[in-house]
Amino acid sequence: MALRCGIVGLPNVGKSTIFNALTAAGARVANFEFCTIDPNEGMVVVPDHRVERLAAMLPHEKVRRTTLEFVDVAGLVRGAAREGKGRGAEFLGHIRSTDALVHVVRCFDDPDVIASHATLDPPQDAAIVNLELVLADLVTVEHRLEKCRKLAKVGQKDAGAEADVLERVSAHLDAGRPARQLPAELRQHGAVQALQLLTDKPVVYVANVSLDQLQGSARTAALRALADEERAELVVICGDMEAEIAALDDPADRRAFLADMHLEESGLDQLVRAAYRLLELITFYTVVGVEIGSWTVRRDTPAPQAAGKIHSDMERGFIRAETIGFEEFVAEGSEAAARAKGLIRSEGQDYLVHDGDIIRFRFNV
């Protein structure tokens, strides 16, 4: 399953512009609040120079590349969660199953684009959305808590225990604090995990800037300070420039464009790296016959579970993992050459997969 990121933010901060630039999905962009009615979804291939290097050096018929899915919902405004203002709160359910949140914050000046407030204040604007997410989670917890209390009254002991847990979570959220700041024993409790709370998800802040602010500004610095305080990631993107890059079909033209702008990578590259860091994800590779594959797992995933990413039978019948590092493999040029030099290691069930491993799984079912 692809990594999924939900895009949130105030209205008219450039969410849909950035979504389109990242995914080429063609979502509607308009200069008024709540132009996004139905959630937009788009899939992109994760930029990965290693799988492209393997594809360039090895004969193949198929390359399986890792993908990333974005879900863009309507802008949130103050009062959305409790008072029903705006449209964003209606669609938050669509991002409960995502792995991370991409929080777009407006840092650019443009008199032609309506702003939610008279004065742009990135940390304050971010705080409005964050509070609405907390309040949306509080509504979710309160609904479940009410059901648990009713079940507890008719003698269901498990419901009573769950109610005790949810009362503590409710008090935490009611104080305006996100679920990710809950004590570990509460945050990791099964009843809490089942609710898929929005504020339990890691956050990547995206500072949407104008072209002349790409190298930094006071607004970006203020948002970076907030991200550092929350131990979140920050990516600085010019949505309009990313749209221009996305319009270029030839990868060489895209590289030339970035070079002209004195940039080493696109906003998508930065966003993917930030999401991978937050979620502690790594990529391993397979070269089997005429197929090259890339696979994403969490860091310190045991080899059998990594095999299960490819097929459940491979995890069930796991025997061993024959592995070699990416750089070693490239230096030798092929699996046969690496085997001849004894560079391929045989690892058992306790082996923790490393980023860049090239693995052949041996299994029997």
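## Buried and exposed residues

A residue counts as buried when its relative accessible area is under 20%, as exposed when this area is over 50%, and as partly exposed in between, with a 1.4 Å probe and protein chains only. Phenylalanine 326, with a relative accessible area of 5%, is therefore buried.

The model is predicted, so to speak of local features a pLDDT of at least 70 is needed, side-chain atom pairs count only at pLDDT 80 or more, and totals for chains, interfaces and linings use all residues. Residues are numbered from 1 along each chain as its sequence is written, and side-chain values use heavy atoms, with hydrogens and water left out.

## Aromatic pairs

Rings of Phe, Tyr and Trp (its six-membered ring) pair if their centres lie within 6.5 Å, and planes under 30 degrees apart count as stacked, over 60 as edge-to-face and the rest as tilted. A search of the whole structure finds three such pairs. One of them is edge-to-face and joins phenylalanine 284 to phenylalanine 361, at 6.0 Å centre to centre and with 85 degrees between the planes. Phenylalanine 284 lies in strand E8 and phenylalanine 361 in strand E12 (residues 357-363), so that this pair links distant parts of the chain, 77 residues apart; helices (H or I, at least four residues) and strands (E, at least two) are DSSP runs, numbered from the N terminus. Phenylalanine 284 is buried at 0% relative accessibility, and phenylalanine 361 is buried at 7%.

Tyrosine 285 and phenylalanine 326 form a tilted pair, 6.4 Å centre to centre with 45 degrees between the planes. This pair also links distant parts of the chain, since tyrosine 285 is in strand E8 and phenylalanine 326 in helix H14 (residues 326-332), 41 residues apart. Tyrosine 285 is buried, at 0% relative accessibility.

## Two helices in contact

The axes of helix H4 (residues 122-153) and H8 come within 8 Å and cross at roughly 45 degrees, where axes are lines fitted to C-alpha atoms, for helices over the stretch in contact, and angles run from 0 to 180 degrees between N-to-C directions. H4 is therefore oblique to H8, because angles under 35 degrees count as roughly parallel, over 145 as roughly antiparallel, 65 to 115 as roughly perpendicular and the rest as oblique.

## A loop residue

Arginine 231 stands in the loop between helix H8 (218-230) and strand E7 (233-237). Although arginine 231 is not a glycine, its phi is positive, about 60 degrees, and the residue is exposed, with a relative accessible area of 76%.
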